[in-house]
Amino acid sequence: IYVYNMSSADSAAWILGRWNISGSAHTGSDYMYANAVPSSGSLYHDTSNAAAYWRFNTNSTDTNRRLDGQIILYDPTNTSFYHGWTNMNFGYDGTTNCAAPSGGGTLKSTSALTGMTFYSASGGNIIEDSTVTIYGIKG
C-alpha cells in the first residue's frame with residue numbers, strides 16, 4: 001500500500017489507520033502497534049497494545065509538507081492467524097519539523113481483511129487530493 005501527498009484539515013493531528021473487515025473499518029481495541037519516530041533531531045517511541053486504530057504519522061496542513069509512505073500487509077486473506085504489517089513513512093508535524101515513523105503492528109483478528117481506512121485523530125477530514133494505491137487486496 002503506497003500513500004502519496006496525504007494530509008488532513010487539522011494541523012499536528014495523527015493520521016490513523018484501521019483495517020477493513022467485510023468492507024467496514026474494524027473499530028475494536030484489537031490493534032497492537034509500535035513506531036520508532038525520529039523527528040528533527042530527537043527520537044521517541046509510540047506504542048499501544050490495545051488501541052482501536054494504529055498510528056501512521058503526524059500531519060501538517062502546509063500544502064508543501066504532506067505525508068508519503070508505504071505499508072506492507074502480510075497475508076490479508078488468511079483466516080487462521082492474526083494479521084501483521086510494517087510501515088515506513090515521512091511527514092511533518094504541525095510546524096516545519098519532519099517526522100519519519102517506522103514500525104508495524106498486529107490486528108488481533110483472524111477475519112480476512114478487505115481494505116483499510118485512514119482518518120484524522122482530531123476528527124478532521126483527509127484532504128481529497130491524497131493518493132492511496134493498494135496492490136493485492138480485492139474487496
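Buried means under 20% relative accessible area, exposed over 50%, and partly exposed in between, with a 1.4 Å probe and protein chains only.

The model is predicted, so I noted that local features need pLDDT of at least 70, side-chain atom pairs count only at pLDDT 80 or more, and totals for chains, interfaces and linings use all residues. Residues are numbered from 1 along each chain as its sequence is written, and side-chain values use heavy atoms, with hydrogens and water left out.

I placed S130 in the loop between β11 (113-120) and β12 (131-133). Strands are DSSP runs of E with at least two residues, helices are runs of H or I with at least four, and both are numbered from the N terminus. I then listed what S130 touches: Y4, N5, M6 and S7, leaving aside residues up to four places away in sequence. A contact means heavy atoms within 4.5 Å. For N5, I found its backbone oxygen 3.5 Å from a polar atom of the S130 side chain.

Next I checked the whole protein. I found 12 strands and zero helices. Of its 139 residues, 42% count as buried. Among contacts between residues at least 6 apart in sequence, 68% join residues at least 24 apart.

Last, I looked for salt bridges (a side-chain nitrogen of Lys or Arg within 4 Å of a carboxyl oxygen of Asp or Glu). The structure holds one. D46 pairs with R55, and their closest N and O atoms are 2.8 Å apart. D46 is buried at 6% relative accessibility, whereas R55 is partly exposed at 22%.

Notes
A polar contact is a pair of N or O atoms within 3.5 Å; within protein, one must be able to donate a hydrogen and the other to accept it, and residues adjacent in sequence count only if both atoms are side-chain atoms.
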